[in-house]
Each structure stands twice: as C-alpha cells, then as structure tokens.
Amino acid sequence: MTENPADLPIPEAAARLRDGSLTSVALTEAHLDRIVERDGAYHAFLHVAAESALAAAARADEAFERGEDRGALHGIPVAVKDLFDTADMPTTYGSDLYVRQIPAEDAEVVRRLRLGGAVLIGKLETYEFAMVGPVFDRSFPPAANPWDVRRFTGGSSSGSAAAVAGGLLRTSVASDTGGSVRSPAAYCGAVGFKPTCGRIPMRGVFPLSPSMDHVGFVSASVAEAAITFDAVADPPGRDGNPAAACLGRPLTGLRIGYAREWFAGDPETLPALLEAVDGAASLLSLLGARIEEVTLPAAADFEAVGAVIIHAEAFEAHRRQLAEAGDRYSRKVFQNIVSGLCLTPEDISRARQAAARLRNRIDRTAFADFDAILTATTLTPAIPFADFTGDAARWTPMRTIAFNVTGHPALSVPCGFAGGLPLGLQLAARAGGEATLCQIGHAYEEASDFAASKPPRLWSNSGV
C-alpha cells in the first residue's frame, strides 16, 4: 500500500477507483496538496484549477457509481502545458501578452481528455511561445529542476517535466517541436514521448512551427505515457495496437539500430552519458533484442534543416503580433523569432526539400532493417540557470530535432545519472510505430531501476 495516493502509478490508481477503495476526489486532493507542498520550489504550475478539478473528480466518482467507465484516465488528475487552449482557465502561451486570456473553447486534446473522464488540474509552465528559454524578464519565473532547483528543466515543456519529476503529477500533456518533451524529460529523470507527426491533432495548440509541432507527453513511466497517448490519439498506427497493449511483450526478435556515432564523438558528450547509453544497448541485447550499430545522416544536417524551418514558420506565426506588440516579448524570444526575417523563400524551400530527403533516407537506410533506433536524448545533464543569464541564447546539446524533421515517433527514458543528475536515452521507431516503441522502452525501464529513483527533498512545508 503506497502511503500517498499521489504516488500511485496510474494503472494502480485506476484499479482502486474501479474497486471503490479510492475516490477520484481523494486522489485529486492528494495531488492538490502535493502541489501546495512542493511547487513553491519548482514553479511548475502557472495555474492550479483546484475548484473545477474537485468538481470534475466528483463527477468522475458519480459516473463510476452509475457503472460508467470512460477509459484509462477516468478520474485521473492530468495537467496540460500552457500552450493548449482551455475554455475554463487562463491560457497564456507563456507570454505576458496573454496573461488575461481565457479561450472560447478547449484544444482538441483537452476536449478528448475531458471526454475520457480525466480530471484537468491546471496549466503548466512553458517557455514563451515555446521558443527559447529559460528567460528571466517575464512576470513569472522559469520552472526549476526537481533534482537541483539551481538548474533548468530543459524546454519548452519545462513545467511538465518539473511537475512529473517532482511528484506533483503522474502524467502531463505537452508539445514537442525540436525536443521540447524529450529533453526536459531527460534532464528531469522522467519519460518523454513524442508520437508520429499527425497522430494527435494540434487544433487549439499555439503554433511554433506547424510542420514540426507534435503533441507529446511527459510521464512518470513508459506505461503511463502509453496510457495517456492511447486516451487522446487517433486510431492505432502501423503497429495495429494501442501503445499500452504491447507493454510486457518480450523483445525477442526485435532489431534495434544503435546510432552511437551520432553522439559518441561529439566533444560535448559527457563520458558518463556514453557509458550509460552503451549500458542500455547491452541490457536491451540481454533482454532479447538484436543490437547493431547503424549509420544515419549527420545529426548536424537535421539540426541545420530544422533550425531554418522553425525560424521561418515561427516568424510567420508572429509577424503581425511582432509589429503591434514586439516590445512586450522577452528579449531573447524576440531576437530568435525576428531572425526568421533573414530567411529567403529559396532558403525555406531548400530546407523543406532537404527535410523530405532526410526522412526518406531514414526510412530506406534505418527502418527498412530495424524496428527501432537507439541513441542519446541530450549529451549532458541539466545546465545551471546561471549559464543562461547573458544576452545570447544558450543552446544545449541534444539529439532530438531529427525526429521532428522526419516526423517519426520518439521516446526518452531515464538511463542513469552523472553527478547526481539524470541522463536519458532516446528510442525512435517507424511512422505509426508507437506500440513497438513503448514495448522496448517499457522492457528497458522494467529491467533497470533508473525510473524508480526520486529527487531529493528540496521543498519545505511552507512551499519555499
């Protein structure tokens, strides 16, 4: 018996909701209490909807009493990144420009969560317009890493990672354009899941780069990420199964291409990270998968192409607003968005053509032979906030943007520690291969103990 209901994995909490030994109201109260206790240190939430969450929890309990079961998230507290429109609570997009905005309707993902009986408990911190960060010239502070509050969480789904790693939630809904789900998950010791491009509608999510934007999830475990995905995704993809249906299946017969050269020779790669991902490859082999090194197009090619597309599309999304209220943007965010003005139509066309070629090469040279690709998520642990205080944007070394350029599903799973800070490995699969991806990630997670590790106590009862 877990001491606090807020620490129950979703499958266990769901079973207790159904057998009557736990109510959604009690579960929601436990999470709200946890937020009060800890979020003064983490700054994960921009808005906590306690009253409406408890009302939704009461409705979930009443539905159970009537014999209604709306799905795996029925009665489960969930929060969403503040890039998603919510009709009953503020949606700021991380910007002072929208601090008083309450949208007219929910984003499609939020609508699906509510339809499935999930209890929407609040909105989570994000970088301003999901662009760059952390920045310190907004009216609210950036989210802090639960493993060391002097360090950042990664971005832009910063609050999502802080909330899950800090034990405030078991799962959250976020977005990923260049690694915005996977890198915070890696830095904070959580699971980050980016499905195939288009598997989940983006309607009602503020755009950063529409051709690379994905709805994603930060969760406490692979199983909980899979459950959350299944609750809001369109019908099963290439695997033909809901992602959660493949959890627990053996890896025997699966082939995994190890993209070791993508990060092993990079001077920014921490030796402990290389050792951790090498160890993960060995463990997956012991679990029955066949591991072979694979050569992919250079990571720098994906990064160059992705940067052009993001900056071009972000500038178009903000062109009118920059002209009307550019002085109300954070300085670094303004500088980064305006840089898209320097790109010519020819630059953008060449980048999109290159993206198509890179996608085709991955499909022909990697996924023709392998069920999944293994590589690193980030090349270092989380970086101190002090490194971000200068005028220039500080780019952190990651290997995530490639799968936004190509649209393939990708998953980050904890794989070790360096100096007491989490490290993450990354798995990617064929388009529509979410179930296979979760099967592999779950098997690794169950065979290692990294996901079970919890951050040190960095809060006090006063929330400071």
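User: At roughly what angle do the axes of α9 and helix α11 (residues 345-365) cross?

Analyst: This is a predicted model, in which local features need pLDDT of at least 70, side-chain atom pairs count only at pLDDT 80 or more, and totals for chains, interfaces and linings use all residues. Residues are numbered from 1 along each chain as its sequence is written, and side-chain values use heavy atoms, with hydrogens and water left out. Helices (H or I, at least four residues) and strands (E, at least two) are DSSP runs numbered from the N terminus, while axes are lines fitted to C-alpha atoms, for helices over the stretch in contact, with angles from 0 to 180 degrees between N-to-C directions. The axes of α9 and α11 come within 9 Å, and they cross at roughly 135 degrees.

User: Is the crossing in which α9 passes α11 left-handed or right-handed?

Analyst: A crossing is left-handed if the near helix is turned anticlockwise from the far one by less than a right angle, and right-handed if clockwise. For α9 passing α11, the crossing is left-handed.

User: How many charged residues are there in the contact of α9 with α11?

Analyst: Contact means heavy atoms within 4.5 Å. Ala, Val, Leu, Ile, Met, Phe, Trp, Tyr, Cys and Pro count as nonpolar, Asp, Glu, Lys and Arg as charged, and the others, Gly among them, as polar. On that basis the contact has eleven nonpolar residues and no polar ones, and the number charged is four.

User: How many polar residues does the contact of α9 with α10 have?

Analyst: The axes of α9 and α10 (residues 331-338) come within 8 Å and cross at roughly 115 degrees, and the helices are therefore roughly perpendicular to each other. H311, A314, F315, H318 and L322 of α9 make the contact with F334, N336, I337 and V338 of α10. There are six nonpolar residues and no charged ones, and the number of polar residues is three.

User: How are α2 and α3 oriented: roughly parallel or roughly antiparallel to each other?

Analyst: In α2 (residues 24-42), S24, V25, T28, E29 and L32 meet A50, A53, L54, A57, A58, A60 and D61 in α3. The residues of this contact divide into eight nonpolar, two polar and two charged. The axes of α2 and α3 (residues 50-65) come within 8 Å and cross at roughly 155 degrees. The two helices are therefore roughly antiparallel.

User: What is the relative accessible area of S160?

Analyst: S160 is in helix α5. Apart from neighbours within four places in sequence, S160 is in contact with K81, L124, E125, S172, V173, A174 and V218. S160 is buried, with a relative accessible area of 0%.

User: Which residue does a cis peptide bond join to G133?

Analyst: The residue lies in the loop between β3 (119-124) and β4 (144-145), where A130 is also placed. The cis peptide bond has an omega of about -5 degrees, and the partner of G133 is P134.

User: What is the relative accessibility of H43?

Analyst: H43 is in the loop between α2 and β1 (45-48). Although not a glycine, H43 has a positive phi of about 55 degrees. H43 counts as partly exposed because its relative accessibility is 31%.

Methods: Parallel < 35°, antiparallel > 145°, perpendicular 65-115°, else oblique. Buried < 20%, exposed > 50% of the residue type's maximum accessible area, 1.4 Å probe, protein only.
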